[in-house]
Every structure is written in C-alpha cells, then in structure tokens.
Amino acid sequence: MKTESASSITISNTQLNVQSTSDVETALQDVKQVIAETLAGASWSILKDIASTHLSNHGRCIRAQIALRAADLLELPASKGIHFAAACELVHSASLVHDDIQDGDRMRRGQPTLWVQYGVQQAITAGDLMLMVPTLALENAPYTNEQKWELSRCIARRAAATACGQALDYSMANAGFATRYEYEQAARGKTGQLFAMPVEGIALLAGCRENAQALGDAATILGILFQLKDDLIDFYGEKHRGLPGSDLREGKMNALFVSHFENVPEDRIKLQEALCSTNADVHPDVVNEWTKRLIDGGAFDHVIEWGNA
C-alpha cells in the first residue's frame with residue numbers, strides 16, 4: 001500500500017503527477033491544520049502524543065493532493081476540498097501504522113516507526129484512533145449534512161475495501177502463490193482504494209453524484225501501477241535495510257513472482273520453497289540466484305509490459 005519516494009509515478013502514458021504547485025502547497029498547509037485540529041479535538045493524554053508523532057512526519061500527502069487537484073479539475077474551490085482531503089490523509093496514515101506492524105518495518109520516512117517507538121500495543125491503538133476520526137474532520141467543513149453523509153459513506157466503503165485488499169495480499173503470501181488476477185485484485189484493494197477515495201469524494205462535492213463512484217473505481221488502476229513499480233524497486237533496489245530482494249526474504253508476493261509463475265511454471269515449487277523460508281533462512285546466494293532467474297525468465301520485462309498494457 002505504500003511507497004512515496006518518487007515525485008511522480010509514470011508508466012507508459014499513465015501519470016500521477018504529484019509535483020507541488022504554490023496553490024496546492026498552500027492548500028496542503030490548511031489540510032495539515034485540519035488534521036491537527038481534528039486530532040486535538042478527538043484525543044487526549046498519551047494517545048494524542050503518540051498519534052501526533054506519526055502525523056507530524058508528513059510524507060508528500062499524495063491522497064490529499066489528488067483530492068485538491070481533482071477539485072481544481074472539477075472547478076471546485078480549494079476551500080471545499082480541504083476537509084475531505086484531510087479525512088483521506090487520516091485514513092491513509094492509519095493504514096500505514098498498521099502496515100508497519102504487520103510487515104515488521106522499523107523505519108518510515110527516515111524515522112523509527114510508531115511501534116518501534118511506543119510498542120505494538122500503543123501503535124495499534126493509535127492506528128485505531130486515526131481510523132475513527134476521519135469523519136470528524138468533516139464536522140466543521142462547509143458541507144451540507146447530506147454531503148457529509150455521502151462523504152462518510154465513501155470513506156467507510158473505500159477503507160473497508162482497503163482492508164479486504166490487504167487481507168488478500170497476506171493470503172497470497174501465506175499460499176506462496178498468486179495469479180495475475182489475484183495480484184491485481186489485491187493491489188486495487190490495498191493501494192487503489194486510497195486513490196479512489198479522494199476522487200470519488202471530490203466528485204460528490206462537485207455535484208457529480210451519479211458518476212462519483214465510477215470515477216473513483218477508475219482510479220483504482222493507479223494502485224496496480226503504483227504496486228508494480230514498488231515491487232520492482234523492492235526487489236532490484238535496496239529499499240529495505242539496504243538489501244535487495246526484500247519481498248523474497250520476507251515471503252511477500254511480488255509482481256515479479258506472479259510473472260515468473262506464468263512464464264516458467266516448472267519453477268513454481270522451487271520459488272514457493274524460497275518464499276516460505278523465514279527471513280533468516282534466505283541466504284544471499286538464494287536472493288542472487290532469483291535475481292538472475294527472474295530476469296532470464298522474462299519476469300522483469302513482463303512486469304514492465306504489464307504496467308504498459
């Protein structure tokens with residue numbers, strides 16, 4: 001669900017441009033203010049401090065940017081999109097806190113993850129808090145009661161679909177196997193729904209009620225593109241602890257593995273055995289072997305073609 005290291009995501013003719021403009025930057029400051037005020041009004045004591053630690057380490061706020069840029073495209077004043085953009089960022093932040101625990105990631109955006117700083121129990125609770133407050137970000141927004149209800153329903157539906165996608169992703173990892181269809185369903189769920197949410201919500205605010213959900217659904221393909229790129233970076237880069245092949249070491253499903261299952265079915269058992277090994281059991285020689293086999297078998301090129309299709 002989750003890499004934000006690039007200033008834009010480009011595969012073939014599809015581009016999600018997240019480069020800042022002065023107008024968006026100004027609006028983003030208002031979004032962050034709404035997030036801070038929402039958290040301050042809904043929490044207290046140690047939990048407020050824990051959640052604030054995570055929320056103060058802002059990334060690029062891609063979901064908020066999508067909301068603000070969608071508002072501009074639909075000729076909606078930026079002031080109308082700020083509170084909903086804040087709600088989208090709160091949902092995404094909650095998902096990151098829980099993801100870091102599930103994946104055992106110790107660093108995010110250059111800082112120790114919340115569970116490393118405060119323990120698993122407190123981090124789970126902070127993530128729960130951030131899942132509960134997004135609709136409160138709409139409380140003082142310049143929206144009608146009907147709009148607030150529609151936006152709350154959008155948030156709940158897309159967040160639920162995100163959880164379903166995450167569950168499918170872990171199910172694939174446990175099985176050590178996935179088809180292309182399963183991979184795309186998981187990516188549309190765990191990653192794509194948080195791209196769909198800001199699009200659908202802004203469309204609702206702009207009066208496009210009949211087409212809002214369909215517009216959001218169309219944006220879920222960005223989740224697949226985002227995940228394909230992230231998988232290539234993960235395996236052939238040094239994203240995790242300065243080591244390549246992170247997903248193989250951790251037994252996670254990767255688009256490269258899905259493509260290799262398709263291209264070289266006779267390797268299925270051997271690749272599954274590597275995926276089902278514990279991190280400590282995956283020798284660097286095994287990672288090096290699969291780095292070569294995935295290229296020789298055409299998986300790397302096929303993932304690129306997959307994104308360009």
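Is Gln102 buried, partly exposed or exposed, and what is its relative accessible area? Select Gln102 in this predicted model: the residue is partly exposed, at 45% relative accessible area (buried is under 20%, exposed over 50%, partly exposed in between, with a 1.4 Å probe and protein chains only). Local features here need pLDDT of at least 70 and side-chain atom pairs pLDDT 80 or more, while totals for chains, interfaces and linings use all residues. Residues are numbered from 1 along each chain as its sequence is written, and side-chain values use heavy atoms, without hydrogens and water.

Gln102 lies in helix H4, residues 78-103 (helices are DSSP runs of H or I, at least four residues, numbered from the N terminus). Next, display Gln166 and Tyr170, which Gln102 contacts beyond its neighbours within four places in sequence (contact: heavy atoms within 4.5 Å). The C-alpha atoms of Gln102 and Tyr170 are 9.5 Å apart.

Now select helix H8 (residues 180-205) and H10, whose axes are 7 Å apart at an angle of about 110° (axes are lines fitted to C-alpha atoms over the stretch in contact, and angles run from 0 to 180 degrees between N-to-C directions). H8 and H10 are therefore roughly perpendicular (65 to 115 degrees). Residues making this contact include Tyr183 and Phe195 of H8 and Ile221 and Asp231 of H10.

Finally, move to H10 (residues 221-236) and helix H12 (residues 255-263), which pack at about 95° with axes 8 Å apart. This angle makes H10 roughly perpendicular to H12. Here Leu228, Asp231, Leu232, Phe235 and Tyr236 of H10 meet Ala255, Leu256 and Phe257 of H12.

Definitions and conventions. Helices (H or I, at least four residues) and strands (E, at least two) are DSSP runs, numbered from the N terminus. Angles under 35 degrees count as roughly parallel, over 145 as roughly antiparallel, 65 to 115 as roughly perpendicular and the rest as oblique.
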